[in-house]
Each structure stands twice: as structure tokens, then as C-alpha cells.
Amino acid sequence: PSGLDTADLPAPDAVAYLAPHPGQGALLLECIDPSVTDEDDALSVDPALDLFDPANGFAEPPATASYTAGFLSRYRAAQRARVARIDDKARSLIERRRAARARYKRSGAAADLRLATHMPVITVHRTDADPRTVDLSLDPSDRRYGSVFGARPDVTNYGLIGFGRTTTPEAWLSTWSGLSSNAAMARTAPEMTLPCLVVEYTGDNCVFPTQVLAVHDALGATDKTHVRVRGDHFGGPLQGDGPEVAGRA
């Protein structure tokens with residue numbers, strides 16, 4: 001609970017959403033790499049789920065990939081399964097600390113106190129693997145090939161950057177788990193009844209058209225408007241545009 005419901009805050013008149021995403025966890029759920037077979041080995045790969053294997057439809061950039069519906073169905077299911085496994089790990093780490101805290105209250109033992117105080121960190125490898133970043137026929141838009149992290153997701157997916165890469169168990173469950181987090185527009189948007197403006201960038205390669213439309217449709221407001229403006233995720237110009245994109249938005 002945030003406590004904001006009891007805070008003395010000025011009431012807003014309306015809300016504008018600029019390039020809105022469905023929630024950190026919901027976003028990560030669709031770009032986490034499900035081919036990771038060992039969470040302690042960043043290079044482990046299940047070939048049957050490898051987004052960047054030509055056998056599954058990948059093509060060397062700048063050519064766009066082409067995935068079958070069957071592969072994408074297996075891929076999306078495996079993404080959920082991987083997030084569920086990380087959820088289980090996070091809960092077990094939290095329970096270990098809680099159990100040690102309870103033991104310490106009874107025993108006063110230094111070993112229990114150390115374990116009760118220890119804050120483990122979860123490392124989540126390879127989180128730049130949304131099929132839409134390399135197969136432009138999926139959820140089509142004006143976007144360029146590549147993700148918000150770079151023009152070569154097949155490379156950046158193995159690098160340092162990415163969503164939710166390093167978290168505490170609580171932070172994973174609270175924010176980055178698309179299965180456990182409450183911070184998702186699908187859950188919270190229906191409570192928004194103020195007039196709403198949703199501004200979508202047509203070349204966004206982080207949030208895709210169906211996701212923005214889902215945010216708009218989930219809003220509880222009866223007075224809501226959805227407009228589309230050419231530009232990338234950060235409001236930058238697409239090819240052939242001038243610098244006035246952000247101004248139009």
C-alpha cells in the first residue's frame with residue numbers, strides 16, 4: 001500500500017499518457033528471452049526457443065525475421081514459464097530470510113541474524129528478445145528494425161543493458177514480474193475515470209501498437225482520446241522527419 005489514498009493532494013483535471021507502456025513487468029514478459037536454460041549461465045540456450053536462430057525464422061540484419069505462428073505461440077508460453085520460475089526463486093529467497101528472522105528471535109544466534117539480514121540479488125539474463133523488434137510484420141508500425149536498446153537485438157540481448165537485469169527478490173515480484181506485479185495498466189487503468197489523452201508514437205520500437213491500444217481500451221474514462229504521432233519511443237524523428245516530432249506530440 002502506498003498511503004496515497006489518505007494524502008492531501010490536489011485533484012487533477014485530466015491525464016495525458018505519452019508513449020504509455022503496459023507496466024514494467026508486462027513489458028518485460030514480452031521481451032525476456034525464454035531460451036535461457038540455466039539462470040546462472042548467461043550463454044545457455046535452448047535451440048528450439050532461440051529467437052536468433054535462422055532455423056526458427058531469424059534473418060541476419062538488416063533483413064527482417066519471419067516467425068511462424070507455432071513458434072511464436074511456444075515462445076510466448078515459454079516466456080511466461082521462465083518468469084514463473086524466477087518468481088518461485090524470488091519467493092524462496094524471501095521465505096529463507098523470513099524464516100531466519102523468526103529463528104533469530106528464538107535463538108539469538110549470529111548465524112540466523114546474518115541470514116536474516118542478507119539481501120540476495122537476482123540477475124536476469126537476456127531481456128532484449130521481443131520478436132517484434134526483428135520481425136517487422138508483427139504488430140506493424142512505422143518503427144525501425146531493432147529495439148529501444150539498439151539496432152541489433154541479437155547482440156544487445158547478450159550485453160549488459162536490458163529491463164530488470166538486477167533486482168532484489170521483492171523488487172522482482174513487485175515491479176518486474178509480469179505474473180506477480182500489481183503495477184500493470186490492465187489492473188489499474190480501469191480505475192482511471194478522469195478525461196484521458198493517449199499519445200502514441202508510430203515508430204515506437206519499445207511499446208507496440210496493440211499494447212498502446214490495450215492501455216487506451218482499459219482506461220475507465222468515458223472521455224478518452226487516442227492520437228498517433230510520427231516518432232520513435234523517445235519522440236525522436238523517423239527517417240524523413242524534421243526535428244519537430246516532440247513538438248507535435
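What volume does the largest cavity have? I will come to that after a few words on the model.

This is a predicted model, so local features need pLDDT of at least 70, side-chain atom pairs count only at pLDDT 80 or more, and totals for chains, interfaces and linings use all residues. Residues are numbered from 1 along each chain as its sequence is written, and side-chain values use heavy atoms, with hydrogens and water left out.

To the cavity, then. The largest cavity has a volume of about 110 Å³. A cavity here is a set of points, on a 1 Å grid over the protein atoms alone, where a 1.4 Å probe fits but cannot get out. Grid points are joined across faces, edges and corners, and a volume is the space filled by probe spheres set on the points. With a threshold of 30 Å³ or more, the count comes to one cavity. The lining of the largest cavity is made of 15 residues, and those nearest its centre are Cys 31, Asp 130, Phe 163, Cys 206 and Phe 208. Lining residues have an atom within 4 Å of a point.

Next, the pocket. A pocket is an open set of grid points with protein on both sides within 12 Å along at least five of seven lines. The largest pocket has a volume of about 240 Å³. It is lined by 16 residues, with Pro 22, Ala 26, Ala 184, Met 185 and Ala 186 closest to its centre. Two or more lining residues come from each of α1 (24–29), α6 (185–188) and α7 (209–218). Helix α7 gives the most, with four residues.

Now the chain as a whole. It has eight helices and five strands. Helices (H or I, at least four residues) and strands (E, at least two) are DSSP runs, numbered from the N terminus. Read from that end, the order is β-α-α-α-β-α-β-α-α-β-α-β-α. The C-alpha trace spans about 70 × 55 × 30 Å along its principal axes.

Of the 249 residues, 43% count as buried. Buried means under 20% relative accessible area, exposed over 50%, and partly exposed in between (1.4 Å probe, protein chains only). Contact means heavy atoms within 4.5 Å. Among contacts between residues at least 6 apart in sequence, 72% join residues at least 24 apart.

On charge, there are 26 positive and 32 negative side chains, and the centres of the two sets lie 7 Å apart. Lys and Arg count as positive and Asp and Glu as negative, leaving out His and the chain ends. Each charge is placed at NZ of Lys, CZ of Arg, CG of Asp or CD of Glu.

Some backbone details follow. Most residues other than glycine have a negative phi, and most peptide bonds are trans. Pro 61 and Pro 62 are joined by a cis peptide bond, with omega about 10 degrees. Pro 62 sits in the loop between α1 and α2 (69–107). Arg 126, not a glycine, has a positive phi of about 60 degrees. Asp 139 also has a positive phi, near 50 degrees. Arg 126 lies in the loop between β2 (122–123) and α4, and Asp 139 is placed in the loop between β2 and α4. Arg 126 is buried, at 2% relative accessible area, and Asp 139 counts as buried at 14%.

Which residues does Ser 35 touch, not counting those up to four places away in sequence? They are Ser 44, Val 45, Asp 46, Leu 49, Asp 50 and Arg 126. Ser 35 is in the loop between α1 and α2 and is buried, with a relative accessible area of 0%.

Pro 153 belongs to helix α4 (residues 153–156) and counts as buried because its relative accessibility is 0%. Leaving aside residues up to four places away in sequence, Pro 153 touches Phe 52, Asp 128, Thr 133, Val 134, Tyr 145, Gly 146 and Ser 147. Its C-alpha atom is 7.5 Å from that of Val 134, which is 19 residues away along the chain.

Last, Ala 99 in helix α2. Ala 99 is partly exposed, at 26% relative accessible area. Ala 99 and Leu 115 are 16 residues apart in sequence, and their C-alpha atoms are 9.2 Å apart.
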